[in-house]
Amino acid sequence: MPEQVLFTPAAIAEPWGQQILARTESLNLPIEILPHNRLTGLRGENDRETYQISKRTLAVVTAPPSSFKLSPIPPSADWQFHLAEGCPAHCQYCYLAGSLQGPPVIRAFANLPQTLANLAAYERAGEQTSFEVSCYTDPLGIEHLTGSLAECIRYFGTRKDGYLRWVSKFDAVDGLLDLPHNGHTRCRFSVNAAPASLRFEGGTATVAARLQAVRKLALPPARGGGGYPVGLVIAPIMPIEDWELHYTQLLDSIATALDFDCDLTFELISHRFTPGSKETLTKWYPQSKLEMDESERTLKRNKFGGIKYVYDTDIMKSLRGFFMRELSQRFPHAKILYWT
């Protein structure tokens, strides 16, 4: 729950902004209508204080015009779009660090209907076109405040060729079980080995709770579930001490939760960082034990000249081999979408 909710005048003018206002009012949250469309008053005396203020704030704003020009997001999906920016969790390896500008306030977009209407132009007629909505936020983590994820699921349930993908580290899925998704939404949950999750994923649901959430979503409606296609994103994979033991225990837990036939995918992402993300994360979490030693990593460049630090070839080969072997044995009918 945020400690304050801010609305810009432009957001209040949107019908979906009024819907979010009604939700936040029903939760008796402190609400302020700003006099202008700029967010101010979020900076503290230092980076850590700014982080704390921002993470406790929900700002309801309008998505900028630039957001209507979608970008591809391989290998996750064909396109990405956004119902919000910023995340209420406190993951010490946060992928958003260095990616978003300004204080990490959670910004929910009040012009969601226009955003959804814009997606039709990106669908390929006669071909499945996938849209990722989790690049800049955890949509389930703020769903009780916005209702926007359910609206996206309803929209894609009406599409012929459009398919929605979202991922979360939260577990409040009961409100999604009865939605008319028509198999066009894949619900994914990010999970990790216990030592990594307990140490680095603050403010999230436990991995056990996430697995129960994915079970609910995957179960057929006749058994009280949502009947959704589902997925597990195992990330960020780290060669922690006794990593084979801990990741084996994670896979055992997944097999127990999904002990029935379902449409299941896996995505495997090893830990990596950029100079910018390391700088930001060090300010946000100065006491973190997260390993980000460039001398222990391999430098990798993308086609645009950006750099990131990944594990060396031997470690990557060992990690990848373990997961490919174990997943193929335990989940022979599941699809492994990618390793990165």
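**Notebook: cysteines, sheet and rings**

I started with C94, which is buried at a relative accessible area of 14% (buried is under 20%, exposed over 50%, partly exposed in between, with a 1.4 Å probe and protein chains only). Before going on, I noted that this is a predicted model, where local features need pLDDT of at least 70, side-chain atom pairs count only at pLDDT 80 or more, and totals for chains, interfaces and linings use all residues. Residues are numbered from 1 along each chain as its sequence is written, and side-chain values use heavy atoms, leaving out hydrogens and water.

**Cysteines**

C135 counts as partly exposed, at 23% relative accessibility. My search of the whole structure turned up 0 disulfides (a disulfide is a pair of cysteine sulfur atoms within 2.5 Å).

**The sheet**

Next I traced an open sheet of 8 strands with mixed pairing, in the order β4-β5-β9-β10-β11-β13-β14-β17. Strands (E, at least two residues) and helices (H or I, at least four) are DSSP runs numbered from the N terminus, and two strands pair if DSSP finds at least two bridges between them. At the edges I have β4 (71-73) and β17 (335-339), each pairing on one side only. From one strand to the next, the twist averages 30° (axes are lines fitted to C-alpha atoms, for helices over the stretch in contact, with angles from 0 to 180 degrees between N-to-C directions).

I then checked β4 against β5 (residues 77-80): they pair in the antiparallel sense over 2 bridges. I73 stands opposite A77 in β5.

Which strands does helix α6 lie across? I see α6 (residues 148-157) across β9 (129-132), β10 (162-168) and β11 (185-191), running at about 155° to β10. Helix α8 (residues 207-218) also packs on the sheet, touching β10, β11 and β13 (230-237), at about 165° to β11. Contact means heavy atoms within 4.5 Å.

**Rings**

I have 15 aromatic pairs in the structure (rings of Phe, Tyr and Trp, the last by its six-membered ring, with centres within 6.5 Å; planes under 30 degrees apart are stacked, over 60 edge-to-face, the rest tilted). F322 and F323 make an edge-to-face pair, 5.1 Å centre to centre with 85° between the planes, and both are buried. I also noted one aromatic cluster formed by F81, F131, Y155 and F156.
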